[in-house]
Amino acid sequence: MQEQETTHRGRGHALARRWPTAVALAAAALIFGGGLGDLDEAVSGFGELILLLALEYLILDRIGRRGASWPVIGAMVAAMVVIGALDAVPLSAVIVAAALVLLVWGAVAGTPNGRAVFGVQAAGMLGFGAIAFAGLAVDPDLGRYLVAAGWFLHGVWDAVHLKLDKVVSRSYAEACGVVDLAVAAMLVFLL
């Protein structure tokens, strides 16, 4: 009897440690339940969001506080809602401007994680930016596959950061990776 309780508790702890995956699956269900919109909307919306994900890594590298991963993404989502409601400037323009400030600031002043880590994050921002803009510049039928590839690659990016335990919190890297892979699959198979 004692052995069964210990095994049951062990499974319970293992499931409790996977809360980021549960949160991510719930988020993916909300995305799917809300609908992806038409092809043009999905490509442009998810293309912009790739930029937002890469920007978060730059912000967290700049401040050097992995524990701020969840509050930073929360603040970014709130800012995204406000920017969308004001409809004065495209979200992508705000993200690019913020990324440029962080890239210059990091190049000049360095970051708490060091120049090598900053270089990786800068390359990530530029790479994901290139994928996003390429996806937005081509025909939406092709763009969806480019944007889906960007989301898939960001899921790989998250897995690497989870493994290395750098820049973002482990719980955020896990959750973000699951959402990224789910969105990539939705773009490829559900549009």
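In which sense, left-handed or right-handed, does helix 3 pass helix 5?

A: The crossing of helix 3 past helix 5 is left-handed (the near helix is turned anticlockwise from the far one by less than a right angle). This is a predicted model, with local features needing pLDDT of at least 70, side-chain atom pairs pLDDT 80 or more, and totals for chains, interfaces and linings using all residues. Numbering starts at 1 along each chain as its sequence is written, and side-chain values use heavy atoms, without hydrogens or water.

Start with helix 5, residues 91-109 (a helix is a DSSP run of H or I, at least four residues). Its axis and that of helix 3 come within 10 Å and cross at roughly 25 degrees (axes are fitted to C-alpha atoms over the stretch in contact; angles run from 0 to 180 degrees between N-to-C directions). That makes the pair roughly parallel (under 35 degrees). Helix 3 contributes Glu48, Leu51, Leu52, Leu55, Leu58, Ile59 and Arg62 to the contact (heavy atoms within 4.5 Å). From helix 5 come Leu91, Ser92, Ile95, Ala98, Ala99, Leu102, Leu103, Trp105 and Ala109. By class, 13 are nonpolar, one is polar and two are charged (Asp, Glu, Lys and Arg are charged; Ala, Val, Leu, Ile, Met, Phe, Trp, Tyr, Cys and Pro nonpolar; others, with Gly, polar).

Now turn to helix 6, residues 115-137. The axes of helix 3 and helix 6 come within 9 Å and cross at roughly 170 degrees. The two are therefore roughly antiparallel (over 145 degrees). On the helix 3 side sit Val43, Ser44, Gly47, Ile50, Leu51, Ala54, Leu55, Tyr57, Leu58 and Asp61. They meet Val117, Phe118, Gln121, Ala122, Gly124, Met125, Phe128, Gly129, Ala132, Phe133, Gly135 and Leu136 of helix 6. This contact has 15 nonpolar, six polar and one charged residues.

Helix 6 passes helix 7 in a left-handed crossing. Val120, Gln121, Gly124, Phe128, Ile131, Ala134 and Gly135 make the helix 6 side of the contact. Helix 7 answers with Gly143, Leu146, Val147, Gly150, Leu153, His154, Trp157 and His161. Here eight residues are nonpolar, seven are polar and none is charged.

How values were computed:
Parallel < 35°, antiparallel > 145°, perpendicular 65-115°, else oblique.
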